[in-house]
Structure formats: structure tokens, C-alpha cells
Amino acid sequence: SRVLIGGGSGFIGTALRKLLEHRGYQVTLISRTPGKNKITWDEVKKTGLPECYAVVGMQGSNILNIFRRWTDGFKKEVWDSRVETTKTLAQAISEASNPPKVWVSFSGVGYYKPSYVYDYDEDSPGGDFDYISQLATAWEEAAKLPAENTNTREVIIRSASTGVVLGRDGGAIKQMYFSFWFGSGGVIGDGMQFFPWIHINDLTRLVMHALENEKVTGVLNGVAPETITNWDFTKEFNTVLLRPGFFPLPRPIVNFALGEERAKMLTEGQAVVPKRTLESGFTFNFPKIKMAFDNMFSYRKWF
Ligand code: NDP
């Protein structure tokens, strides 16, 4: 059976596609550009949803792209590339004559307000205190199908949104690898902020869990059970690479480079627990940060 993945050509999507194909699914990507095994957003708008078993939405212009200045124009692109595309998918699903069995849409843990004190689970409040949290709310709202929909199961995955989906070939680790390799990877700010994270292998398995288990519905936090601070993360990264990690990245510099509103995704953090995720029967292969780093780099540290 076929699974459609919006934005499936990216870091998480590529890993998910491989896992799906390994399990015998056919994968079609929804993309801005046409190509083999792809359809475009315009085609979905014009001709509706092709027959499929499931739809996964994970498209979005990379928020932490350091080559883009944090302007109103870029903020709108970041917003529309998630919210408008998700509306397109939700509408196509609700209008399909043979709708998919399940619809999984991504969101981010930026939904929860950064704090040194609280632990957030899926039922905790949030979603309305700054740009990123409002984006998460609008993104999740856009994914909602009309109330009369009873054919398609709906799942939202609030993924670790500080960019810390761990995997060697992309995402945050790839961006940070060079500074850590040269021994300069230090904490961000004072390092005491929480740093939600998940191994790419667990994130793709979580999507698969949502696709294949009929009891799974609603919001799942896509974060590992071990809550860590940026200091813990930095220590583990340097340990696995046998590096000293001398130079902290002072908050004003991150603010300057990214713009303060966006820099908060790195300089502030929230402790997020995957409560509903675990209750739904999901088991993590990499529940602890040490296991994730050992898996990513163990054979590398001698180089
Ligand atoms: P990538 O940036 O690797 O890929 C996202 C895909 O979205 C791209 O391959 C692209 O597909 C599509 N895309 C990019 N810009 C636009 C745009 N302006 N309009 C429409 N589509 C666009 O992202 P990831 O795989 O890392 O992440 C997937 C989703 O998960 C994102 O929505 C992200 O916000 C979220 N997420 C990611 C985290 C991470 O650490 N990586 C953490 C938390 C959340 P194409 O070129 O084919 O159109």
C-alpha cells in the first residue's frame, strides 16, 4: 500500500521513506518540484489526493537556516510552508472519495513554554506565547479534519524542535559536527536550558507506530524519555568525539546570528516528556542520550 509524505525529501523524510520501503510500502513524495515517485502541491490542489493508505505531513522551510535572516518575509515563508500546505493536505483528505486510513502531521515542542521548572506532557497547556508556539498551534489546527470525518485516524507528532533530531546525515548534528570536531563545541548560553531531543531512528519508528496501530490517535510528543540540558548534550557530544569542547557560545552571539526570537529555540528550552507516546505502547531504541551518541559516532572517535 501507498504512503504519501509531504516534505519527504528532507532529513527525516528520507529516513522514513527508507524504513517504509523496507517494510514493503510504496512511497510517493509531495514536493514543490516534480520528479520520479513525486507529486507536486499544485497537483494535490488541482486533482486531489491519489489513492493511498496513509498521509504524513512534514514539509517546512528550515527555521534554523542560518543563511536566512529572520525577516518578516522569511517568517511568512516558514509559516506558510507548514500551515498552508497542511491545509491543502487536510482538505484533500476530507474530499477524497476513498480517504486514507491514517493522517500523521508533524508539529514541534516549541508549543510548550520554555521553563527551568515544569515538565510538559501532551496535555500540558501552551501554544500561544510567541511566534514559534503560535506556529505550532496554527500547524496543528490546519491538520484537523472536519468533525464528520470518521474514516481517517488523526495523529500529531510534536517533534523535538530545537532542531535536535539526532542522526549523522542531517539535521542538527550535521550542522554542529564541525565545530565539535575541532574541539570548539561548547554549551549555548549557560547550558542550563533543557534540550529536547530524539534519535532519528526512534522518530521514524514512531511515525511507523502511528501508521500501523489503530489505537493511536491525537498528540504524541516525539521526544526521548530522558530529559537533558544543553550542558548534558554538549558533554556527551564531546565525550564521544574525545574533544575538550572549550568555547561556550554566548547568548548575545546566538541572538545576533539568528535574531532573538528565533535564537530562543536554542538559548531556551523545555522539559518535554513522551507520556502519551509511551502509553500508546511505543518503545524507544534510544531512550538515553548516551545511547544515541554511541550509536552515531562510536566508530568515529578515533579519527
Ligand atoms: P528538511 O528541511 O530536511 O526537509 C523538509 C522538506 O520540506 C524539504 O525536503 C522540502 O521538500 C520541503 N520544503 C522546504 N521548504 C519548503 C517550502 N518553503 N514550502 C514547502 N515545502 C518546503 O526538514 P526535516 O526533515 O529536518 O524536518 C521535517 C519536518 O519536521 C519539518 O517540518 C520540521 O519543522 C520538523 N522538525 C524537524 C526537526 C529536525 O531537527 N530536523 C525538529 C523538529 C521538527 P521539497 O524540496 O521536496 O519541496
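Glutamate 236 lies in helix α7 (residues 230-241); helices here are DSSP runs of H or I of at least four residues, strands are runs of E of at least two, and both are numbered from the N terminus. Glutamate 236 is buried, with a relative accessible area of 13%, where buried means under 20% relative accessible area, exposed over 50%, and partly exposed in between, for a 1.4 Å probe and protein chains only. Valine 56 stands 180 residues from glutamate 236 along the chain, and the C-alpha atoms of the two are separated by 32 Å.

The model is predicted: local features need pLDDT of at least 70 and side-chain atom pairs count only at pLDDT 80 or more, whereas totals for chains, interfaces and linings use all residues. Residues are numbered from 1 along each chain as its sequence is written, and side-chain values use heavy atoms, with hydrogens and water left out.

Two helix pairs may be considered next. Helix α3 (residues 72-95) packs with helix α4 (residues 131-143) at an angle of about 15°, their axes lying 7 Å apart. That angle makes α3 roughly parallel to α4. Axes are lines fitted to C-alpha atoms, for helices over the stretch in contact, and angles run from 0 to 180 degrees between N-to-C directions. Angles under 35 degrees count as roughly parallel, over 145 as roughly antiparallel, 65 to 115 as roughly perpendicular, and the rest as oblique. The crossing of α3 and α4 is right-handed; a crossing is so called if the near helix is turned clockwise from the far one, and left-handed if it is turned anticlockwise by less than a right angle.

The second pair consists of helix α1 (residues 11-22) and α6, whose axes come within 9 Å and cross at roughly 60°. Helices α1 and α6 are therefore oblique to each other, and this crossing is right-handed.

Helix α6 (residues 200-212) also holds arginine 205 and aspartate 202, three residues apart and thus separated by about one helical turn. These two residues form a salt bridge, with the closest N and O atoms 2.7 Å apart. A salt bridge is defined as a side-chain nitrogen of Lys or Arg within 4 Å of a carboxyl oxygen of Asp or Glu. Aspartate 202 counts as buried, at 0% relative accessibility. The structure holds 13 salt bridges.

Another of these contacts joins glutamate 279 to lysine 275, at 3.7 Å from N to O. Both residues belong to helix α10 (residues 275-279), four residues apart, or about one turn of the helix. Glutamate 279 is exposed at 57% relative accessible area, whereas lysine 275 is partly exposed at 37%. In helix α11 (residues 289-297), aspartate 294 and lysine 290 are likewise four residues apart, about one turn, and their side chains meet in a salt bridge of 3.0 Å, N to O. Aspartate 294 is partly exposed at 30%, and lysine 290 is partly exposed at 46%.

The surface provides the final topic. Tyr116, Val117, Tyr118 and Met192 make a nonpolar patch of about 500 Å². Patches are made of residues with over 30% relative accessible area and no salt bridge, like charges being joined within 9 Å and nonpolar side chains (Val, Leu, Ile, Met, Phe, Trp, Tyr) within 5 Å. Accessible areas come from the Shrake-Rupley method with a 1.4 Å probe, and for residues only the protein chains shown count as cover. Tyrosine 118 lies in the loop between β5 (102-108) and β6 (119-120) and is exposed, with a relative accessible area of 54%.
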